[in-house]
Each structure stands twice: as structure tokens, then as C-alpha cells.
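Subject: Structure handover

Hello,

Please find the structure below. My notes on it follow.

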Amino acid sequence: MPAPLTEELKRGLDAPICLTWELTYGCNLACVHCLSSSGRRDPRELSTGECKAVIDELRELQVFYVNIGGGEPTIRPDFYELVDHCVGTGVGVKFSTNGSTITPATAARLAGTDYVDVQISVDGADAATNDAVRGDGSFAMARRAMDNLAAANFGPFKISVVMTRHNVAQLDAFEALAGSYGAQLRLTRLRPSGRGADTWHELHPTNEQQVQLYRWLLDRPDVLTGDSFFHLSALGEPLPGLNLCGAGRVVCLIDPVGDVYACPFVLHDEFRAGSVRDVGGFTSVWRSSPLFLSLREPTSAGACASCGSYDACQGGCMAAKFFTGLPLDGPDPECVKGHGELALAGVAAGSAPSPGPGHSKPRPVAVTFRRK
Amino acid sequence: MLDTAAPYELHPQVALRPEPFGALAYHYGNRRLTFVRANELVELLRDLGAHDSVDDALAASDVVPARWPAFRNALANLEASEVIRARTAH
Amino acid sequence: MSDTVIAASDDVATDAADEDLVEEELLVEEVSIDGMCGVY
């Protein structure tokens with residue numbers, strides 16, 4: 001009998017199947033939970049030429065598809081040039097956007113380009129819920145982008161939502177929103193990453209909401225999840241997908257300055273594998289970096305060994321554990337059996353690793369004038 | 001419906017990438033990803049276009065006849081996901 | 001789509017010598033390109 005597919009994938013592949021590429025740290029929004037702490041561009045960002053060289057390498061490796069994000073990737077002046085280079089070279093593209101640059105003209109351009117998928121981010125089914133997280137006017141902007149894509153006959157685009165305590169109640173509304181455009185709905189997990197670290201404890205879904213979400217997803221196998229809820233598989237029948245952490249094994253992240261991380265949710269030195277600017281480029285980072293080699297080693301259940309659900313949940317998400325200060329060989333902070341909550345209680349305040357300020361724009365500071 | 005007496009081919013928009021377990025088949029058009037879990041099936045997919053029928057391709061392969069039903073089932077699934085398609089005369 | 005399709009079960013009748021070949025053959029498995037954790 002051949003080994004279960006997942007066992008083979010855990011050992012890592014010679015090339016990623018797909019990967020995330022954050023093109024820029026610049027962004028016109030300042031979402032409260034931004035996984036990449038984006039806002040300001042980094043002066044060391046990869047040049048157009050360097051980006052094209054990365055794309056050529058991905059083609060050599062036969063990476064099928066690249067998920068482009070940021071920040072807001074479309075603010076790069078060479079964005080379309082790079083998308084065209086991907087498509088022309090044979091690498092499929094999906095890019096994630098807040099929609100601010102999807103005008104009727106850009107929508108028409110995109111409608112004329114094959115092998116490009118568009119994913120619009122919203123975190124609420126109405127302006128009030130969404131804008132509380134993504135900023136005033138961001139919902140309207142996203143809806144305008146969707147309307148423009150529809151008017152340009154772009155075809156099915158994706159609507160991507162990060163699940164929080166405040167939008168689990170809107171699951172049906174999200175489904176209706178996607179349905180109204182013939183779009184694909186995508187729901188993903190909030191990780192305590194980037195600016196998400198600051199508000200994770202208040203924003204992540206409650207235990208009851210997790211169960212509700214799990215049941216809702218089970219009934220709707222067509223809703224995409226990026227396999228981000230595999231920790232919920234301990235609740236029963238596994239959700240569709242590989243149900244495993246792909247970081248460093250089948251996927252990874254390339255950041256705007258060319259650093260390679262295990263995944264977009266662990267932008268931290270601990271999970272930095274190398275740089276595309278290193279000798280040997282991305283290929284040698286993927287194939288020989290000590291970090292990725294260690295992620296491809298078999299792991300033990302550690303503290304989860306006595307729990308009957310470990311096979312289903314694999315101990316959950318590395319990023320969720322890391323940034324909440326939990327050990328990587330123990331339960332996920334949102335462990336459906338409650339083991340994570342217990343473990344969190346033992347974490348000393350302020351001891352969790354910090355994502356650092358990243359590229360967040362400084363918050364406006366109230367200026368007070370003192371008169372003598 | 002798979003017609004094993006008809007000629008088939010790997011869909012031109014499908015990339016077949018060898019892996020330790022067999023191959024990954026990615027369809028650039030419909031974005032579907034299939035794990036092909038037997039080297040013999042990978043070989044068969046590559047050779048499909050060179051034979052006048054699926055049956056011929058199977059007969060010419062290293063696959064023992066006892067496994068042909070399983071292989072035909074797999075090919076039927078691959079046709080449903082458009083990884084293979086019936087060849088039309090040009 | 002993120003459905004996993006498990007295909008190709010082998011229903012060949014048993015014969016002692018064919019014991020090995022009677023096992024279900026999992027020849028193809030479909031997973032959505034969106035079906036792996038760690039990408040946008």
C-alpha cells in the first residue's frame with residue numbers, strides 16, 4: 001500500500017507546488033490585523049529585473065502558480081509587467097488586492113488576460129463590520145472593484161475573508177455576496193501574525209464560533225479555505241484539502257525584499273530560510289536551507305501525544321503557536337479540545353515573540369500644545 | 001464517459017511534473033491539481049497520445065492486465081477533470 | 001473547488017495469486033490549488 005499522500009508531502013517536494021509572493025510592503029490601507037504589518041514600501045524591495053529573475057526560476061522549478069500579495073501589490077508601478085511576465089513564462093497568477101486600483105480600465109485589462117485570478121479582500125459583509133477592521137471606505141472600494149470586474153466580464157473572481165469574532169455571524173451573507181457576483185468565496189483563518197498579534201485575543205473566533213464555522217464549511221465543500229482550518233478537523237470529518245501545514249514543504253513565502261520564509265504568517269527571523277539574493281537563488285533556499293530541511297523532518301506529537309485527535313489536527317498551526325508564545329510541539333491556541341486555552345494560561349504576559357513594527361505606518365499622534 | 005476504444009491525449013494545458021510518488025498534474029485552464037500516484041499511470045499519460053486507443057496504450061504499457069480496471073477508472077476521473085481528452089482528427 | 005476526489009478502486013475478483021492486486025489502488029487524488037495551508 002502506498003503511504004498516505006500527506007506523509008509523502010510532509011517530507012517536502014523538490015519544488016513548491018505554489019507559493020505566496022508579497023511584492024511590496026507598501027499599502028494604501030492599514031488593516032488592524034495585517035499579517036505582514038504593511039504600510040510603507042521598503043527601499044530594498046526587489047527590482048523589476050530581480051523579480052523577473054525570480055519568476056524565471058519559478059518556471060524552471062515548475063512552480064505552477066504564484067499567489068501575489070503584499071501590502072497592496074498593485075501599487076508597484078511594474079505590477080502588470082510582472083504579471084505579464086509570469087503568464088508569458090508559464091506561471092499562473094492569483095493576486096490578492098483591496099480593490100483600490102481595480103478601475104473599469106484595469107478590470108478590462110485583467111479580463112483580457114488569461115491564467116490570472118483575482119482575489120478581493122473584505123472582512124465583513126457590510127461596511128460597518130468590514131471598515132472596523134480595514135478602514136473607512138474600504139468596503140465601498142472593494143465593492144466597486146467587484147462591480148468593475150463584473151461589468152468587464154472578468155469571470156469568477158474570489159472574495160477572501162479572514163474570519164473573526166465579528167463576522168462569523170455573517171457567513172450566510174458572505175455566501176450571498178459571492179453568489180451575487182458568481183464569485184468564489186474564500187474564508188481563511190486569522191493568525192496572530194503581523195499586526196494581528198496585537199488584537200488576536202479579542203478578534204479570533206470563540207470556541208462556539210469555531211464549531212459553527214466547521215459545520216458550515218463541511219456543508220459547503222465549494223467554499224475555499226486555503227486549507228487554513230485544518231486544526232478544526234479534530235471536530236470530526238476532515239475538511240476538504242490536504243489538512244496539513246504546507247510551510248517549507250509544499251509552499252513558502254517570498255517577501256518584498258527577497259527573503260524567503262516558511263509561510264506568510266511567520267515573518268520572523270526564526271522562520272526565515274534565506275534570500276533569493278543568496279548564491280543559488282530561490283532554488284537553493286528551497287532545497288537546502290536548514291530551516292526547510294528541518295520542517296521536512298518527521299515531527300513527534302510532543303505534548304499532544306496523549307490526545308486522540310493529533311492525527312486529525314497535527315497539532316495545528318505553527319504561526320498561531322509561535323506568536324501566542326506557545327511551544328511548537330504542543331497544542332494550537334485554538335485547539336478544539338481546549339488544550340490550547342489551558343496552555344495559554346501559562347504563558348507569561350509579554351513573553352510571546354513579537355512580529356516587530358514591520359512596515360506599519362506610524363499611527364497619527366495627537367499633538368498637544370502646552371502654554372506656559 | 002471514457003471510451004477506451006477511442007484515441008485520447010493529455011490535455012495541452014496540463015503540466016505533468018514528476019514527483020517521488022508519481023507526478024503532479026496541473027491544468028492551467030481550470031486550475032485543478034491532481035496527484036497521480038503511480039509511475040505507470042504517469043507513463044501511460046505521457047504515451048496516451050501516441051496510441052490509437054486507451055486499450056492500445058494499456059496493452060503497450062507495463063501495467064499488468066489485472067490492474068487495467070483500476071487504471072481505466074483513474075483515466076475516467078482524469079477525463080472528468082479534463083486532464084485527458086479525446087483526440088479529434090485534424 | 002476544494003473537493004478531494006478519491007478514485008480508482010480495483011474490484012478485481014480474488015484468486016490467491018492475485019491477492020496483492022485486490023487491494024484498492026489509489027491512483028489519482030485531486031486537491032484544489034487552494035487546498036494547501038500557507039498561501040494567500
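The radius of gyration used here is taken over C-alpha atoms, and the globule rule is 2.2 Å times the number of residues to the power 0.38. For the 90 residues of chain B, a compact globule would have a radius of gyration near 12 Å, and chain B agrees with this at 12 Å.

On conventions: this is a predicted model, in which local features need pLDDT of at least 70 and side-chain atom pairs count only at pLDDT 80 or more, while totals for chains, interfaces and linings use all residues. Residues are numbered from 1 along each chain as its sequence is written, and chains are lettered from A and ligands numbered from 1 in the order in which they are written.

Chain B

The C-alpha trace of chain B spans about 35 × 30 × 20 Å along its principal axes. Chain B has three helices and five strands (DSSP runs numbered from the N terminus: H or I of at least four residues for helices, E of at least two for strands). Their order along the sequence is β-β-β-β-α-α-α-β. Of the contacts in chain B between residues at least 6 apart in sequence, 52% join residues at least 24 apart; a contact means that the C-beta atoms of two residues, placed from the backbone, lie within 7 Å.

Chain C has one helix and two strands, in the order β-α-β from the N terminus. Buried residues account for 48% of its 40 residues.

Between the two chains, 31 residues of chain A are in contact with 17 residues of chain C. On the chain A side, strand 1 (18-24) and strand 2 are the elements that give two or more residues. That side divides into 20 nonpolar, nine polar and two charged residues (Ala, Val, Leu, Ile, Met, Phe, Trp, Tyr, Cys and Pro count as nonpolar, Asp, Glu, Lys and Arg as charged, and the others, Gly among them, as polar).

A helix pair in chain A

In chain A, the axes of helix 2 (residues 48-61) and helix 3 (residues 79-89) come within 10 Å and cross at roughly 20°. Axes are lines fitted to C-alpha atoms, for helices over the stretch in contact, and angles run from 0 to 180 degrees between N-to-C directions. Helix 2 and helix 3 of chain A are therefore roughly parallel (under 35 degrees; over 145 is roughly antiparallel, 65 to 115 roughly perpendicular and the rest oblique). Helix 2 of chain A contributes A:T48, A:C51, A:K52, A:I55, A:D56 and A:R59 to the contact, and helix 3 of chain A contributes A:E81, A:L82, A:H85, A:C86 and A:T89. These residues comprise four nonpolar, three polar and four charged.

Backbone points to check

Most residues other than glycine have a negative phi, and most peptide bonds are trans. A:G70 and A:G71 are joined by a cis peptide bond with omega about 25°; A:G71 lies in the loop between strand 2 (65-70) and helix 3 of chain A.

A:N243, not a glycine, has a positive phi of about 55°. A:N243 sits in the loop between helix 9 (207-218) and strand 7 (253-254) of chain A, and is buried, with 23 other C-beta atoms within 10 Å.

B:R31 also has a positive phi, near 60°. B:R31 is in the loop between strand 3 (22-27) and strand 4 (32-36) of chain B, and counts as partly exposed, with 17 C-beta neighbours inside 10 Å.

Regards

Terms used:
Buried ≥ 20, exposed ≤ 12 C-beta atoms within 10 Å, placed from the backbone.
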